[in-house]
Amino acid sequence: MFFAIHDKEIREITLEQLGEHDICVGYLTLDELRKCHKDLGLSEIAVKDCMTDFTHFRTSIDVYDEFSFGMINIVDILNLSSRRNRIGFFIKKNLFIVVKIIDKGDSIRQMFLDAIGRFRQNATMEKVIYGVLERLLSSGNKGLVMTERQIIAMEREVVDGKTDRELNTEIFELRNRLSTLKNYYEQLIDIGETLQENENDLFEEEDLRYFKIFTDKSERLSNNTQLLCDNLIHLREALDATLNYNLNNTMKLFTMVTIIFQPLTLIVGWYGMNFKNMPELGWRFGYLYVILLSVAIAGGILYYFKKKKYWQN
């Protein structure tokens with residue numbers, strides 16, 4: 001699928017109809033790339049990179065003297081666990097080609113057509129490139145809003161004292177998702193900055209502002225993602241503080257019980273010696289005396305804790 005830009009208007013053409021001075025943008029599958037890459041003058045090495053699976057972690061752009069070549073592993077912002085689409089792209093003087101490497105639901109083709117339709121009037125190659133890249137960020141704000149609401153809900157659970165292992169796991173998984181998004185936006189920023197620098201002089205100077213717009217959008221999303229990461233750190237600290245507080249209360253309870261029973265244990269040990277001349281052993285009220293003494297000691301200790309506010313109802 002090829003489109004020619006002539007007098008800032010876009011029209012669909014075949015490869016054979018492409019004129020020498022036409023500006024061309026196109027969308028190709030890997031099979032189509034194999035067949036026509038020589039006619040388009042595309043680098044053999046870059047074409048082989050599109051065919052090679054070891055690049056499945058790569059999101060970057062390489063700048064050469066006469067062309068630029070990039071690979072983007074597209075993150076589904078609203079469903080990070082889904083399989084990632086992958087595209088390659090070639091940029092030459094007056095030529096921009098998007099290559100579908102992995103695609104689910106034909107979304108890459110639709111992304112390309114959306115960019116074409118958006119700038120059908122007063123079109124330039126730079127605008128089409130911007131339109132394709134900008135579509136990679138289309139769900140960014142929505143994803144951040146959903147994540148922020150999730151963090152607020154977790155904060156409410158911590159405030160309400162609903163702390164458990166599942167909440168800790170949820171925080172870890174969300175932190176991992178935000179880290180993935182952060183890395184994705186950083187890679188897109190690198191691509192935008194590289195295009196904006198225009199090292200190989202492929203773009204019109206007046207249209208470089210579109211790459212700056214894309215870079216700025218990516219930076220804002222990256223910064224907002226970092227803010228959510230910081231919020232998660234604070235949430236984790238609040239959760240740890242709550243767990244420590246609950247643990248301290250438990251330890252305080254055990255300490256109080258230990259303190260109460262220590263003098264009672266002393267009394268039991270004292271009278272458990274059964275010496276011959278211990279008067280209480282033969283006293284009629286000795287048993288009752290020890291009971292009342294134990295209750296008085298326990299009550300006195302509890303009163304002391306209450307007065308010092310070591311123990312609250």
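**Entry 1: cavities**

How many cavities of 30 Å³ or more does the structure hold? I searched the model, which is a predicted one, and found one cavity of that size. I noted a volume of about 40 Å³ for the largest cavity.

I then listed the residues that line the largest cavity: Val63, Ser68, Thr194, Leu195, Asn198, Glu199, Asn200 and Phe203.

**Entry 2: the largest pocket**

Which helix gives the most to the lining of the largest pocket? I found that helix H3, residues 107–118, does so, with five residues. By type, I counted six nonpolar, six polar and six charged residues in the lining of this pocket.

**Entry 3: helix H4**

I looked up how much of helix H4, residues 125–135, is covered. Of its 11 residues, 10 are buried, so the helix is largely enclosed by the rest of the structure. I wrote down the buried residues as Met125, Glu126, Lys127, Val128, Ile129, Tyr130, Gly131, Val132, Leu133 and Glu134.

Strand E6 spans residues 85–92, and I found seven of its eight residues buried, so that the strand is mostly covered. I then examined the strands that pair with E6.

With strand E5, residues 67–74, E6 pairs in the antiparallel sense over eight bridges. I noted Phe90 in E6 standing opposite Phe69. With strand E7, residues 95–102, E6 pairs over seven bridges, again in the antiparallel sense. Here I recorded Val99 in E7 as the bridge partner of Gly88.

How many residues lie between E6 and E7 in their hairpin? I found two. Asn94, in the turn, has a positive phi of about 70°.

**Entry 4: salt bridges**

I searched the whole structure for salt bridges and found seven. I examined several of them in turn.

In one of them, Arg109 is joined to Asp106, and the closest N and O atoms are 3.9 Å apart. I checked the exposure of both partners. Arg109 has a relative accessible area of 31% and is partly exposed. Asp106, at 37% relative accessibility, also counts as partly exposed.

In another, the side chains of Glu134 and Arg118 meet at 3.0 Å, N to O. Glu134 lies in helix H4 and Arg118 in helix H3, so the pair ties together parts that are 16 residues apart in sequence. Is Glu134 buried or exposed? I found Glu134 buried, with a relative accessible area of 15%, which is under the 20% cut-off. Arg118, at 45% relative accessibility, counts as partly exposed.

I also examined the salt bridge between Lys212 and Asp216, whose closest N and O atoms are 2.9 Å apart. Both residues lie in helix H7, residues 209–271, and they are four residues apart, about one turn of the helix. I recalled that an α-helix has 3.6 residues a turn, so residues three or four places apart point the same way. Lys212, at 41% relative accessibility, counts as partly exposed, and Asp216 is partly exposed with a relative accessible area of 25%.

I then looked for salt bridges that share partners, and found that they join Arg118, Glu134 and Lys217 into one network.

**Entry 5: cysteines**

How many disulfides does a search of the whole structure find? The search gave zero, and I checked two cysteines to see why.

The closest cysteine sulfur to that of Cys24 is in Cys36, at 9.4 Å, which is too far for a bond. For Cys50, the closest cysteine sulfur is also in Cys36, at a distance of 12 Å, again too far for a bond. For comparison, I noted that a disulfide requires the two sulfur atoms to be within 2.5 Å.

I recorded the exposure of these two residues as well. Cys24 is buried, with a relative accessible area of 1%. Cys50, at 2% relative accessibility, counts as buried too.

Terms used
Residues numbered from 1 in each chain as written. Predicted model: local features only at pLDDT ≥ 70, side-chain atom pairs only at ≥ 80, totals over all residues. Heavy atoms only, no water. 1 Å grid on protein atoms, 1.4 Å probe; cavity = no way out; pocket = protein on both sides within 12 Å on 5 of 7 lines; lining within 4 Å. Points joined across faces, edges and corners; volume = space filled by probe spheres on them. Nonpolar A, V, L, I, M, F, W, Y, C, P; charged D, E, K, R; others polar. Buried < 20%, exposed > 50% of the residue type's maximum accessible area, 1.4 Å probe, protein only. Pairing = 2+ DSSP bridges. Salt bridge = Lys/Arg side-chain N within 4 Å of Asp/Glu carboxyl O.
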